[in-house]
Amino acid sequence: MLSDDLRGIWYIMLKDLRAYYFKPPNISWGILFPFAFVLAFVIRDAENLDSLVPGLLALTLLFGTSSMEAIVITFERRIGALERLLLAPLRLPALLAGKLLGGMVFGLVTTLVVLIVALVVFGASGVNWLLLILGMILSATAFSAMGVLVSVSVKEVFEAQTLANAFRFPMMFLGGVFVPVTLLPLGLQVVARVLPLTYAVEVLHAAMAGGELPLAILDLAVLSAFAVVFFGFASWVLARQVA
Amino acid sequence: MAEPVPAIEVTGLTKRYGSPQTGLLAVDNIDFGVRRGEVFGFLGPNGAGKTTTIRMLTGLARPTSGQARVLGLDLAHDLPQIKKRIGVVPEASNLYGELTAFNNLIFSMQLYGVPRDERARRADELLERFRLVDKRDVPFARLSRGMKRALTIAAALAHRPEVVFLDEPTTGLDVVSARGLRQTVAGLRKQGVTVFLTTHYLEEAERLCDRIALIVRAQIVTLDTVDGLKARAQGAVAVEVTSDDGAGGTETRRLVGKDVAAGVRAALAEAEWEGRRVLAVNTVQPTLEDAFVQLTGLSADVMRAEKGGRNK
């Protein structure tokens with residue numbers, strides 16, 4: 001049964017990447033999106049751009065993983081294709097894991113392009129590579145799991161976009177991408193602590209600009225917890241729908 | 001010699017959506033068995049419970065109560081093993097629009113664990129069998145409705161299932177495509193594949209099925225061979241009265257009843273009342289439609305009510 005699940009995860013991921021993700025509009029949008037943000041900041045203030053890099057990487061991961069992820073399952077349900085996966089010999093969590101991996105891989109690839117550009121421009125000295133890789137992978141997992149949860153929770157594609165944005169936009173402004181969380185009013189700092197983007201920005205900042213390692217490890221643990229909770233809840237929702 | 005394990009055994013299967021008091025009883029305590037290698041028809045009007053039954057037997061819906069075994073395996077405990085050995089063609093053609101015909105078949109085989117070195121050969125074989133060779137590299141979304149249906153069936157057969165569930169396979173198809181799909185079903189029977197076919201087309205069931213269960217309002221009314229069902233209507237006689245239709249054409253009406261003379265008298269009286277000239281009166285053998293009308297008490301028009309708007 002495990003081999004059926006693993007095979008299903010792998011082929012669902014490949015199918016999703018081929019059918020939905022690696023299409024020219026998605027690739028160009030996924031890469032252009034963070035650069036558009038950078039440009040906005042250059043126009044306003046070209047100083048201290050390097051301090052924005054961890055936040056932009058986290059933001060690229062957030063949008064790269066969850067933009068398509070949040071609509072893929074809803075779309076397949078709408079056209080009836082999700083039934084093909086539900087009929088296949090694999091368990092529901094394996095089906096969702098295949099979906100999650102598709103979003104995760106796409107998010108990591110687009111973020112890698114942004115990372116390479118950032119390293120070329122600002123240099124790679126002082127980068128904690130292990131922390132950077134772990135931070136990117138766990139952030140992508142948490143964000144993609146969030147996309148999966150959004151996708152199984154709604155019926156229409158436009159609802160998925162709306163719900164995904166309801167999560168993403170507060171994160172964008174409260175997650176420490178543009179303004180450090182410590183500079184926010186206390187109430188908003190509390191809100192920021194329940195957002196996965198906050199931990200992604202923190203750990204990527206620690207990996208690229210130096211930071212306390214124990215705190216970074218705690219960030220990794222919290223991102224893992226977000227991934228597990230989002231994914232577990234999504235599996236539960238889908239199982240209830242099949243019943 | 002021991003009896004082979006039945007393809008499907010169903011006991012007391014029930015599905016209720018919503019609360020026990022106010023919910024919808026979609027399937028109500030049904031029992032039936034399907035033998036290996038037969039084409040089993042599940043015939044009933046729209047909303048009778050046909051699709052819900054298929055959804056339960058294939059793991060897409062959980063039964064509220066009752067038991068089912070597919071290929072000797074318990075639906076409640078052995079679903080992943082069952083899924084490997086069945087193929088399902090849902091009512092809507094639901095392959096991936098972005099993938100080509102060939103890649104859709106390959107993906108189906110990947111999911112079901114068909115060995116890598118067999119996949120391309122099998123996909124090409126299926127494309128040839130379903131006359132889709134020239135559409136091999138065309139995305140599913142760009143195929144005609146009939147081709148989409150054919151490819152959806154091909155995908156369900158790609159891993160060589162022992163039992164195939166076909167849910168309203170010809171709904172929405174033109175006459176030529178529907179005929180092609182009926183030939184495919186006949187071909188599956190020859191290969192020894194068990195076919196569970198739901199339909200609301202009486203002539204389709206009559207032509208394809210070895211045995212038929214009639215389901216009406218969530219309950220199975222009767223289960224028999226096609227000839228057995230017709231025999232039940234043998235006590236009755238069907239009378240066809242052909243008359244002019246007042247517009248230069250003819251019109252044939254069919255009456256089924258126990259009393260031939262009374263039937264003929266009634267038909268003639270009706271024609272006279274409507275001012276039509278009777279051209280011919282024939283008594284004919286009752287058909288499955290006559291049997292359906294007798295056994296269910298429903299009008300045959302109930303079965304003709306279309307879901308998808310099929311071109312006749």
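**Entry 1: helix pair in chain A**

I looked up how helix H6 (residues 129-153) and helix H9 (residues 196-209) of chain A pack, and found an angle of about 165 degrees with the axes 9 Å apart. H6(A) is therefore roughly antiparallel to H9(A) (angles under 35 degrees count as roughly parallel, over 145 as roughly antiparallel, 65 to 115 as roughly perpendicular and the rest as oblique). Axes are lines fitted to C-alpha atoms, for helices over the stretch in contact, and angles run from 0 to 180 degrees between N-to-C directions. Helices (H or I, at least four residues) and strands (E, at least two) are DSSP runs numbered from the N terminus.

I noted the residues that make the contact: H6(A) contributes, among them, A:Leu131, A:Ala142 and A:Phe143, and H9(A) contributes residues including A:Pro196, A:Val203 and A:Met208. Two residues are in contact if their C-beta atoms, placed from the backbone, lie within 7 Å. By class, the contact of H6(A) with H9(A) has 12 nonpolar, two polar and no charged residues (Ala, Val, Leu, Ile, Met, Phe, Trp, Tyr, Cys and Pro count as nonpolar, Asp, Glu, Lys and Arg as charged, and the others, Gly among them, as polar).

**Entry 2: provenance**

I recorded that this is a predicted model, in which local features need pLDDT of at least 70 and side-chain atom pairs count only at pLDDT 80 or more, while totals for chains, interfaces and linings use all residues. Residues are numbered from 1 along each chain as its sequence is written, and chains are lettered from A and ligands numbered from 1 in the order in which they are written.

**Entry 3: chain B against chain A**

I found 21 residues from chain B and 19 residues from chain A in the contact. On the chain B side, helix H2 (79-85) and helix H3 (101-111) each supply at least two residues. That side has 11 nonpolar, six polar and four charged residues.

**Entry 4: domains of chain B**

Chain B divides into domain 1 (8-226) and domain 2 (232-304), with bounds from an automatic or database domain assignment. I read 35 Å between their C-alpha centres. In chain B, 10 residues of domain 1 are in contact with eight residues of domain 2. H7(B) gives the largest share of the domain 1 side, three residues.

**Entry 5: sheet in chain B**

I traced an open sheet of four strands in chain B, ordered E2-E1-E4-E5 with antiparallel pairing (two strands pair if DSSP finds at least two bridges between them). Strand E2 (24-34) and strand E5 (73-74) of chain B are the edge strands. Two bridges join strand E4 (residues 65-70) of chain B to E5(B), and B:Arg69 stands opposite B:Asp74.
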